[in-house]
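Here is a short briefing to read alongside the sequence and the structure. Look at the backbone first, then at the chains.

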Amino acid sequence: MATRSDLLQGTLDLIVLRILSLGPRHGYAIAQRINQISEESFQVNQGSLYPALLRLEQRGWVKSSWGTTDTGREAKFFELTRSGRKQLAVETENWERVKGAIGRLLEATE
Amino acid sequence: MRTLWTRLRGFLFARRLDRDLERQIESHIALHVEDLVRGGMSPQEARRQAAREFGNATSIREVYRETRSLPLLETLLLDVRYAARTLLRRPGFTALALAALSLSIGLSTALFSIVHGVLLRSLPYPDQDRLMTVWQTDPKKGGARDEVAIGNFLDWRLRQRSFEGLAIAEPFSHELSGDGEPEAIRSWIVSEGFFEVMGTPPLLGRWFTAEDYRAGSPLEGYYPGAARVVIISHGLWQRRFGGDPNLIGKQLQLRGRPMTIVGVMPPEFQFPAKRELWSPRLPQPQDRDSRAATYMTVTGRLKPGITREQARQDMARIAAELEAEHPRTNQGVGVRLIPIADYLTDGVRPVLWILFGAASLLLVAACANVGGLLLARGVERRHELAVRSAIGGSTRRLVRQLLTETGLLALAGGLGGVAIAYGALRLLMFLPPSQVPRIEYVGLSGAVLLFCCAVTALTALACGLAPALRMVRVDLADALKSSSRALAAAPARQRGRQVLVAAQVALAMVLLTGAALLARSLATLLAVDPGFRPERILSLEVHVYARARTPQERIAYFRQTLDRLSRTPGVVSAAAVSAFPFHDNAIDIETAVQVVGAPELPVHQRPTARITTATPAYFELMRIPLRDGRTFGDADALETERVAIVNEAMARRFFDARGALGQRVVTGTGGAPRTIVGVVGNTLRKGLSEPPQPELYVPHAQSGTGSMTCVVRTAADPWGLVPAIKEAIWSVKGGQPFSKIATAEQLMSTTHSERRFHLALIALFAGMAVMLATVGLFGLVSYAANQRRGEMGLRMALGASGLNVLGLVVREALSLAGLGVALGLVGALVAGNLIRAMLFGVTPYDPASLAGAPALLLLIAIAASAAPALRAARVDLMRALRAE
């Protein structure tokens with residue numbers, strides 16, 4: 001259990017930041033979005049999103065407030081802060097670098 | 001930093017954040033259900049799927065909680081609260097574990113503080129490993145070391161090549177008069193260079209200079225203590241002068257002469273032993289030839305690079321030379337070097353380390369036992385732990401929870417331990433300072449408390465870690481099914497614990513027997529009749545040599561003083577004696593006795609008797625019975641016939657069947673014979689365990705001794721009369737000092753204080769050992785009983801009565817205890833023989849002592865197994881069987 005969340009932690013943060021960069025969303029919407037873009041290729045325990053969101057908020061990358069959805073239900077909405085945007089840029093760049101490195105590594109081994 | 005802050009806020013507003021999460025989860029599920037229903041799913045179905053996709057909410061809450069705040073602090077608080085509740089739910093278990101931990105931590109802390117204060121604390125002497133004490137050895141005296149004769153010392157100092165300096169200290173007494181009450185101050189007179197050898201700088205003022213050694217006044221008579229300057233101890237400075245910072249240069253009236261205070265030594269400087277004053281010892285013309293009287297303490301500082309062995313050879317060479325030059329006095333006389341640290345802790349060092357080792361051993365045993373208890377509890381708690389693990393408690397978290405419990409136990413035990421150590425040390429202070437040097441430095445210092453903390457932490461780990469790991473490593477599925485085999489220990493390990501418990505019982509047995517033997521010795525001793533009635537008797541020493549120079553003056557002085565004393569209201573009678581029974585350094589004079597008319601022997605072959613000077617009222621006052629003849633009367637005087645009284649032991653020894661009355665004896669080396677006019681009962685003098693010695697009393701009116709102990713029997717509590725008694729003494733001669741005010745009962749009890757100290761010590765250890773054996777037995781038996789719960793249920797289902805089951809459990813405890821007792825019995829006999837010298841009136845094979853301990857231990861075994869046995873017998877049949 002621990003290993004799975006460790007593996008996901010860094011990536012999950014990046015995904016959430018990326019999704020939020022498109023505009024404020026509540027937790028359920030973020031979860032739905034992840035399911036859509038990943039095309040179910042990886043399964044996120046939807047619940048584990050909430051500790052992740054709290055962590056991002058603690059670091060000051062997102063802020064949150066309670067509001068109502070289109071259907072009139074109350075939900076907590078999260079949006080990116082300025083330092084969150086910066087962090088997204090940094091993490092994206094990291095990700096690209098890692099991706100490039102791993103890609104080259106895999107090609108070289110073939 | 002920011003994270004820390006928000007986390008701290010999270011910690012403080014934990015409840016609000018938790019509510020927030022609940023709302024979010026609710027909202028999430030609702031939105032999801034809404035979506036699914038919109039997609040055509042039935043509400044129930046939708047709700048189920050939303051919950052499934054959301055995942056394990058409990059575990060999410062846990063992770064969320066850990067994320068949101070300071071997880072360590074938060075869970076620690078939770079753990080502590082939970083642990084406290086768990087511990088309080090089982091008060092019996094908790095009390096037992098606490099008692100074992102407090103006692104063992106307390107005991108080892110107390111002993112560590114003694115070891116630290118007495119052995120580890122550094123001495124106040126620079127380069128102390130170069131400081132040696134130097135002694136004479138003389139096989140004729142049998143001792144391992146003797147003090148040194150001044151003549152030998154002078155030759156040593158002249159001929160040695162190994163020391164930077166050698167110095168002597170001679171015990172002395174300075175009578176302080178002037179402001180405040182006169183008193184006799186125990187002091188040292190020291191040779192030139194003494195302080196230079198020791199190297200301890202004074203707190204105030206200076207050391208002695210060469211000039212101080214030339215300052216004796218011929219007018220006052222030229223005796224060793226006639227110098228004009230003194231250095232005082234920190235204690236005297238505080239006690240007599242209130243710590244006056246401007247004391248240096250002031251004058252004191254000592255022996256009626258002004259002497260100048262030139263220095264104050266720091267409190268830890270107590271050499272050669274604790275006394276209050278140092279003064280120069282002026283060289284005397286007769287010093288060179290004084291080789292027989294040995295009472296000097298010699299110290300030396302080795303030259304750099306010289307080893308103790310080299311110095312020993314150097315001194316041995318000189319001793320051989322002196323032996324050749326002075327065969328009459330120095331035959332067989334050798335030299336011994338003892339490093340100062342060893343000298344100061346002489347005798348107590350091995351004892352202290354052994355005691356400390358024993359206490360540490362008991363602490364280890366206590367840890368093992370508490371660990372055993374926890375393990376036994378673990379069997380009971382396996383279900384709880386399994387449930388907690390199943391609903392998402394991580395292994396680490398569970399171990400931490402269990403460790404928190406033991407930590408809490410150990411912490412409480414540590415606090416209890418400090419209290420116990422404090423109490424034990426206070427108790428120790430009540431016992432006589434006796435042979436333990438520097439005991440005043442024993443206390444709960446920072447280092448000691450640090451030690452206690454470390455021990456507590458180690459204890460927590462030692463007794464908590466193994467059971468905790470063992471408990472959580474259990475196969476969860478199995479534990480949930482409640483199989484009692486889940487925790488079954490490997491048989492080998494069980495065996496180990498059984499051996500440990502049996503060994504503890506054996507140890508308790510040995511110590512209990514030892515304590516019983518010592519207690520019976522003390523009881524026998526206290527029943528011994530000292531030969532006089534010590535109730536309401538006060539004694540005080542008076543020395544008048546300096547004020548009354550002739551025997552006539554001294555006789556008159558004491559007659560007058562005793563007259564004043566006996567007329568003091570509250571005083572029943574007053575007398576004086578040269579050596580009061582049980583006075584620790586009563587002047588005991590042995591004298592050779594020649595009976596007139598018996599075959600004459602050379603002086604050194606004559607039998608000896610103790611010679612004691614007494615005033616007429618002494619025998620009546622002490623209630624020493626008169627067996628024959630008369631006691632001294634006012635008619636006995638210098639000019640009348642010389643008379644003496646003997647005790648029964650002397651009458652029997654010297655005159656056997658013939659009556660002693662009327663016989664005449666010559667004492668010492670000659671002089672006119674004394675006629676025996678009375679025979680009195682024996683009195684014990686040194687201790688209750690020694691047989692009475694022959695004793696010869698002479699009347700003070702015919703000896704004029706100047707050092708006497710005044711004895712007063714009072715109508716009520718003697719301490720209330722002390723001021724009146726002082727008044728009476730000073731009314732005869734103003735400023736007459738006296739010392740050592742004590743009641744006879746006090747003096748008697750001091751003589752067996754060492755015995756009581758040993759008894760208290762061994763009783764303390766025995767109590768600990770019994771306590772630990774109890775805990776060990778209880779832990780092991782409850783563990784075993786819990787494991788066999790299923791089996792017990794089965795037995796009962798097959799018709800065994802509750803009593804049968806009860807017997808089964810108790811029998812196990814008894815067989816373990818029996819094994820321990822059998823082993824302990826062997827040990828007790830061996831140990832009894834080892835302490836034979838400390839016994840009085842009982843043999844090491846005393847049946848009462850040997851039978852008492854096993855009986856007690858077996859009773860304890862039954863008591864310790866009673867609770868688990870009852871639980872086993874009351875086991876719910878159906879539950880126990882289902883559990884299998």
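In this predicted model, B:Arg623 has 14 other C-beta atoms within 10 Å, so B:Arg623 counts as partly exposed.

**Backbone details in chain B**
- B:Arg623 sits in the loop between helix H19 (618–622) and strand S16 (626–629) of chain B.
- Although B:Arg623 is not a glycine, its phi is positive, at about 60 degrees.
- B:Asp127 is a residue other than glycine with a positive phi, near 50 degrees.
- The loop between helix H6 (91–120) and strand S1 (131–137) of chain B holds B:Asp127.
- B:Asp127 counts as exposed because it has 10 C-beta neighbours inside 10 Å, and the cut-off for exposed is 12 or fewer.
- The peptide bond that joins B:Phe271 and B:Pro272 is cis, with omega about 0 degrees.
- B:Pro272 belongs to the loop between strand S8 (257–264) and strand S9 (277–280) of chain B.

**Chain B as a whole**
- Chain B contains 27 helices and 22 strands.
- Of the 884 residues in chain B, 40% are buried.
- Among contacts in chain B with a separation of 6 or more, 83% are between residues 24 or more positions apart.

**Contact between the chains**
- Chain A brings 19 residues to the contact and chain B brings 22 residues.
- On the side of chain A that touches chain B, helix H2 (27–38), helix H3 (49–58) and strand S3 (74–80) of chain A each supply at least two residues.
- H3(A) gives the most to this side, with five residues.
- By class, this side of chain A has five nonpolar, nine polar and five charged residues.

How values were computed
Residues numbered from 1 in each chain as written. Chains lettered and ligands numbered in written order. Predicted model: local features only at pLDDT ≥ 70, side-chain atom pairs only at ≥ 80, totals over all residues. Contact = placed C-beta atoms within 7 Å. Helix = DSSP H or I, 4+ residues; strand = E, 2+ residues; numbered from the N terminus. Nonpolar A, V, L, I, M, F, W, Y, C, P; charged D, E, K, R; others polar. Buried ≥ 20, exposed ≤ 12 C-beta atoms within 10 Å, placed from the backbone.
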